[in-house]
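Here is a short briefing to read alongside the coordinates. Have the viewer open and follow along as the topics come up.

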Amino acid sequence: MQMNYNSVEHNLTVKTPWKSQPNSVAWVIDALVNDIPDKVAQSMIASTGRPAYPVRLLSKLFLFGYLRHNFLRRKLARMTTDNLVMCWFVGENISILGYRIFNRFRSDPRARILISSMYQAFRDLFNHVGIT
């Protein structure tokens, strides 16, 4: 028997009250990125044009993608809807993060410096803890 279903008429929203485990790497990424000084985060926001996406949010997404060996922007954008940790980072604030947002963020010269220093700090932190 075939079910009569039309995706235009019906919208199924499933909210998952998921929170990362306390010993998860998501908390490490969250703490590491939240330690970025406000001056650095504010300096990356342009004074004109459309409001930018939060620098800390994009940094968390890049670090989690780095941890999963995912460096492609399209896959990062797909992970923001498919992966529970990425959904936890994004929250309900931003509905769609396209790959162009990641491209724009990554191509900014100030963001390149920030991303490379975050990757270095992330690797140093894991080496210090003993995770390789």
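In this predicted model, Val 55, Leu 58, Ser 59, Leu 61 and Phe 62 of helix H3 meet Ile 101, Phe 102, Phe 105 and Arg 106 of helix H6, where contact means heavy atoms within 4.5 Å. By class, this contact has seven nonpolar, one polar and one charged residues; Ala, Val, Leu, Ile, Met, Phe, Trp, Tyr, Cys and Pro count as nonpolar, Asp, Glu, Lys and Arg as charged, and the others, Gly among them, as polar. Helices here are DSSP runs of H or I with at least four residues, strands are E runs of at least two, and both are numbered from the N terminus.

**How H3 and H6 pack**

- H3 spans residues 55-67 and H6 spans residues 99-107; they pack at an angle of about 100°, with their axes 11 Å apart.
- That angle makes H3 roughly perpendicular to H6, since angles of 65 to 115 degrees count as roughly perpendicular, under 35 as roughly parallel, over 145 as roughly antiparallel and the rest as oblique.
- The axes are lines fitted to C-alpha atoms, for helices over the stretch in contact, and the angles run from 0 to 180 degrees between N-to-C directions.

- Leu 58, found in H3, is buried at a relative accessible area of 3%; buried means under 20%, exposed over 50% and partly exposed in between, with a 1.4 Å probe and protein chains only.
- Leaving aside neighbours within four places in sequence, Leu 58 is in contact with Tyr 53, Ile 101, Phe 102 and Phe 105.
- Leu 58 and Phe 89 sit 31 residues apart in sequence, and their C-alpha atoms are 9.2 Å apart in space.
- Ser 59 also belongs to H3 and is buried, with a relative accessible area of 0%.
- A polar atom of the Ser 59 side chain lies 2.7 Å from the backbone oxygen of Val 55.
- Beyond four places in sequence, the contacts of Ser 59 are Val 33, Ile 36, Phe 105, Leu 114 and Met 118.
- Phe 62, another residue of H3, counts as buried at 2% relative accessibility.
- Not counting residues up to four places away in sequence, Phe 62 touches Arg 73, Leu 76, Phe 102, Phe 105, Arg 106, Ile 115 and Tyr 119.
- One of those partners, Arg 73, is eleven residues from Phe 62 in sequence and 9.1 Å from it in space, C-alpha to C-alpha.

**The loop between H3 and H4**

- His 69 is found in the loop between H3 and helix H4 (73-82), and its phi is near 60°, a positive value in a residue other than glycine.
- Is His 69 buried or exposed? At 68% relative accessibility, His 69 counts as exposed.
- Asn 70 has its place in the loop between H3 and H4 too, but counts as buried at 8% relative accessibility.

- Asp 38 lies in helix H2 and counts as exposed, at 54% relative accessibility.
- The side chains of Asp 38 and Arg 56 are joined by a polar contact of 2.7 Å, a term for a pair of N or O atoms within 3.5 Å; within protein, one must be able to donate a hydrogen and the other to accept it, and residues adjacent in sequence count only if both atoms are side-chain atoms.
- Asp 38 and Arg 56 are 18 residues apart in sequence and 9.8 Å apart in space, C-alpha to C-alpha.

**The chain as a whole**

- The secondary structure comes to seven helices and zero strands.
- Of the 132 residues in the chain, 33% are buried.
- Among contacts with a separation of 6 or more, 67% are between residues 24 or more positions apart.

- The mean pLDDT of the chain is 76, and 73% of its residues reach 70 or more; pLDDT is the predictor's confidence in each residue, from 0 to 100.
- Among the elements, H2 (residues 38-43) has the lowest mean pLDDT, 80, and H3 the highest, 87.
- Over residues 5-12 the pLDDT is below 50, and this stretch has one contact in the model beyond near neighbours in sequence.
- Where pLDDT is low, the predicted coordinates should not be read in detail.

**Conventions**

- Residues are numbered from 1 along each chain as its sequence is written, and side-chain values use heavy atoms, with hydrogens and water left out.
- Local features need pLDDT of at least 70 and side-chain atom pairs count only at pLDDT 80 or more, while totals for chains, interfaces and linings use all residues.
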